[in-house]
Amino acid sequence: MIGITNIYPYLPHYRLKVDSINRAWNRSPGKGERAIANYDEDVITMSVNTISSLKQGWDDIDFLIHATTSSPFIEESSSDLIAYILGMNNNCLNLNINQSLTSGTTALHIGFNLLNQYKKGLIISADRRDIQSGDDFEKVIGDGACAIEIGTENILAKLEAFSSLSDFGYDTWKLKDDVSVKKSDEKFANEVKIDNLETVGRELLVKNNLQISDIEWIIVADSQSKLTKTIGNRLGFTPEQQFISSLNNEVGYLGVTSGFLYLNELLLKANAGERVMLLQSGSGVDGYIFSVTDNVESFKRENDLKTQVTSKKVVDNYNEALVRRGLLKVVELKPYATKTYLRRERENNLRLRAQRCKECGFIHFPERPNCHHCHSRETMEWLWLERTGTIVTFTHDHVFPGSIEPMTMVVVDLDGGGRIFTQMTDLSTEQVKIGDRVKLSFRKFHEGGDFPNYYWKATPILKGGDLT
Ligand SMILES: [Zn+2]
């Protein structure tokens, strides 16, 4: 048996209300909110943060497939970078699938086929699609990521069927130098899209000798929630079987990662033994039928999608949202950086690994040649630092260049030992207190050397509800 063994979502903390967009452009009020990545988040950081706090060193993963339409890199492998940061073995097979909104579901199909040779794989999908300010599509798109773990044991959703239809040239596109995703006429796009979705839905049933009565749920992943109803009706699903995700309204349409997150949302509601049809539109359509196993009950207890959706910080000011999204530039910080530094310091900066003195056990971060504590020159051993800790002290830097609010620098004592000096992010400065519990989140630090430089920053621990 092969299938999905777990799903790990990641949503940025910030939300922009559709109403705030409408107010900025003197339009009539609208409903819903969009998850927007902060200025220090990109597809790489969101992908890492899907699973980085769960454990250190994912060395049991045989392959990683990264799927996105919005990698910060045109050349340079995002999957290799993510695999390194997450501590996968350097013989882990890393692949990138890009350029289509079906990249995530296509990556999943490739992953299932790789399970003929390997035991365990990860598909990480993420999107942070920029939209020109004032474009109507701005009210639709959100940012986020989702990791899907697949394997042959402890299956959560068993793979029953896959079908795919290839097509192009009717919906969204983006050229190399474009700031924004472009969209063709909705009526024209829908004519092609609806036909494609219906065709794949029917193929899934016919090829596998299944009737509508064999399937409990249908989900259509698209920027228009209404298509679930359109396709559901065409295929003969009752309104009760048509799963209309609330995510398009709560966090926006999340591109490549949308189908995975809708499936996550549905599994929080589905029962063991039920079958789910998932259709993802993009360049053509990918379709799956999964059957839910008994493991869905432990998944419901552990999965934190709901906490992530409800833990949020609403940005009222439209200009602030543009700055956070990188569409409106304030002073740009360009510190000195080179690839030599990046490589030399990558165990510390990217993996958050420290050195422990073999003589006295003192933990040094960043690394150093001899022990600061006992002055031993004996060899040090590497260890992974924990991603949670407690604020020891902090300061607000009011003249930090390019920052929206004063930059809060914190010293954090990490659980399990080690101390880190870093920036605080996703939290109003006045809320920071000594003794606060924080989590470390992988973030973009700056773009010195003309490449993104990443590091770990402190963020609040999510509990659901508004972040202040
Ligand atoms: Zn020592």
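Does Glu76 count as buried or exposed, and how many C-beta neighbours does it have inside 10 Å? In this predicted model, Glu76 counts as exposed because it has 12 C-beta neighbours inside 10 Å, and 12 or fewer is the cut-off for that label. You'll find Glu76 in the loop between strand S4 (63-68) and helix H3 (78-85). Its phi is near 125 degrees, a positive value in a residue other than glycine.

Leu352 also isn't a glycine, yet it has a positive phi of about 55 degrees. Look for Leu352 in the loop between helix H13 (346-349) and strand S15 (353-357). Here the label is buried, because Leu352 has 23 C-beta neighbours inside 10 Å and the cut-off is 20 or more.

Now for the sheet. It's an open one of 9 strands, with mixed pairing and the order S5-S4-S6-S7-S1-S8-S13-S12-S11. Strand S5 (93-98) and strand S11 (217-221) are the edges, each pairing on one side only. From one strand to the next, the twist averages 25 degrees. Within the sheet, S1 (residues 3-10) and S8 (residues 157-165) run antiparallel and are joined by 2 bridges; Gly3 stands opposite Lys158 in S8.

Two helices to follow next: helix H5 (residues 186-207) packs on the sheet, touching S8, S11, S12 and S13, and its direction makes about 130 degrees with that of S8. Helix H8 (residues 258-267) packs on the sheet too, with S1, S6 and S7 among the strands it touches. The direction of H8 makes about 150 degrees with that of S11.

One last stop is the cis peptide bond between Phe365 and Pro366, with omega about 0 degrees. Pro366 sits in the loop between strand S16 (363-364) and strand S17 (380-384).

Notes: Residues are numbered from 1 along each chain as its sequence is written. This is a predicted model: local features need pLDDT of at least 70, side-chain atom pairs count only at pLDDT 80 or more; totals for chains, interfaces and linings use all residues. Two strands pair if DSSP finds at least two bridges between them. Helices (H or I, at least four residues) and strands (E, at least two) are DSSP runs, numbered from the N terminus. Axes are lines fitted to C-alpha atoms, for helices over the stretch in contact, and angles run from 0 to 180 degrees between N-to-C directions. Two residues are in contact if their C-beta atoms, placed from the backbone, lie within 7 Å.
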